[in-house]
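User: Hello! I am new to this structure and would like to learn how to read it. Could you take me through it step by step?

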Amino acid sequence: MKHLSEYRDAGLAKALLAKIARTVTRPWVIMEICGGQTHSIMRHGLDQLLPPEITLVHGPGCPVCVTPLETIDRALVIAERPEVIFTSFGDMLRVPGSRDDLFRVKSRGGDVRMVYSPLEAVKLARENPDREVVFLAVGFETTAPGNAMAVKAAQREGLTNFSEIVSHVLVPPAMDAILSSPTNRVQGFLAAGHVCAIMGWSDYERLADKYQVPIVPTGFEPVDILEGILKTVQLLENGDPSVVNTYLRAVAKDGNPNARKVTDEVYTVCDRKWRGIGTLPGSGWRLRDELAAFDAEQKFQVNEIVTEEPEVCIAGEILQGLKKPHDCPAFGTECTPMNPLGATMVSSEGACAAYHKYNRGDLT
Amino acid sequence: MCLAIPGKVVELYEENGLPMGLIDFAGTRNSACLSYTPEAELGQYVLVHAGFALQTLNEEEAAASLAELSRLSAFMEADAAADDPTDGS
């Protein structure tokens, strides 16, 4: 497939690995932000092919992982209502709340439906005027523009039976939190390419300057990731805390201004709780006050549901790059993808789930 | 969740006031909203995520990147051959 298979070429990957090995002279810790990149690194075995000087740690860029328990619990309460058609991307359906998940609600008769696009939820609202259609709007900056357009479309069509549970999260504040921690060990970042496709990379120049770390917007295929690692290592070796984009076919410096404009018209920045990490200031988007009619949490009055995270696992430290999945005694024993104890085992993109699937935890 | 797949725009149409495209992903076709990529034309490649095109792929940058990677690959191969004492050349 054009724009995909070229970046899975073994010859190019080998050349990049050889160049990385030639370039590196001392140990470096590099974090890939996005769970999709973590998954690609494990799937293609890149972590095992890199020189031993390079340690990859895995960032918090998995929205399924970091959606707080209380948002799931609120979604479950809404999904059980008989008048509701509850819609979500597929990967949220099996995420456990404190007692249940959306699949179980569906098995008990709840009308829970998986959608490919948020516009499908708007279509359901149009076709079912006597039902309430609720969409679970999670995701990073990549996903928010589509979810914002769904609200715009419903507003334009005068649909009063469409609403969203909005739990969007933003990447730069999470990077800021990681870098400002006294225990931080991350020295360079692969920035999430598709977040940058929307947001551009100006925000990262501020972070790179403030913390003197190189940041490299990077794609998702193995050659893309190795190119990003090579550039990060070159910058680290040269003591150059710059932002250099290696995902040139998809990322422009100013991102996608059309998408940012609509997102800004629908959502506004708020403090957001991250599962496994806690509340980070200015790290999320919520619906603007003038669009409160589309806010499912207000509509169904579930804001009083507050769930505290159980202290059962080390997901928070893993999401901040402080620990690896196999540092956890519960990994692969008490905690598995079928019975996840915490955020990073919940989603297939989570670091613990990726380590489990690709057998990186010395599982015996 | 932020995965996005490149696909070729094979049909342009409008649905409920929104610009849409039928996108071919190596034989599998699905629709995507093109509101955020109004510049996308038939035959161009767009990056699709959750039913929305995020960007029109930049063919010039893609070609330039691949050419640079090919040069690196050729250089590393030549370099490895020069370093390899078992190589007869």
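User: How many strands form the open sheet in chain A, and in what order?

Analyst: Strands are DSSP runs of E with at least two residues, helices are runs of H or I with at least four, and both are numbered from the N terminus. Two strands pair if DSSP finds at least two bridges between them. In this predicted model, four strands of chain A make an open sheet with parallel pairing, ordered β2-β1-β7-β8. β2 (54-61) and β8 (215-218) of chain A are at the edges with a single partner strand each, so one side of each lacks a neighbour in the sheet.

User: How many bridges join β1 and β2 of chain A?

Analyst: β1 (residues 28-34) pairs with β2(A) over six bridges, in the parallel sense. A:C34, for instance, has A:G61 in β2(A) as its bridge partner.

User: Which elements does chain B have?

Analyst: Chain B has one helix and five strands, running β-β-β-β-β-α from the N terminus.

User: How many residues does each chain bring to the contact?

Analyst: Residues are in contact if their C-beta atoms, placed from the backbone, lie within 7 Å. Chain A brings 45 residues and chain B 33 residues. On the side of chain B that touches chain A, α1(B) gives the largest share, nine residues.

User: How should I read the numbering and the cut-offs?

Analyst: Residues count from 1 along each chain as its sequence is written, while chains are lettered from A and ligands numbered from 1 in the order written. As the model is predicted, local features need pLDDT of at least 70 and side-chain atom pairs count only at pLDDT 80 or more, whereas totals for chains, interfaces and linings use all residues.

Terms used
Contact = placed C-beta atoms within 7 Å.
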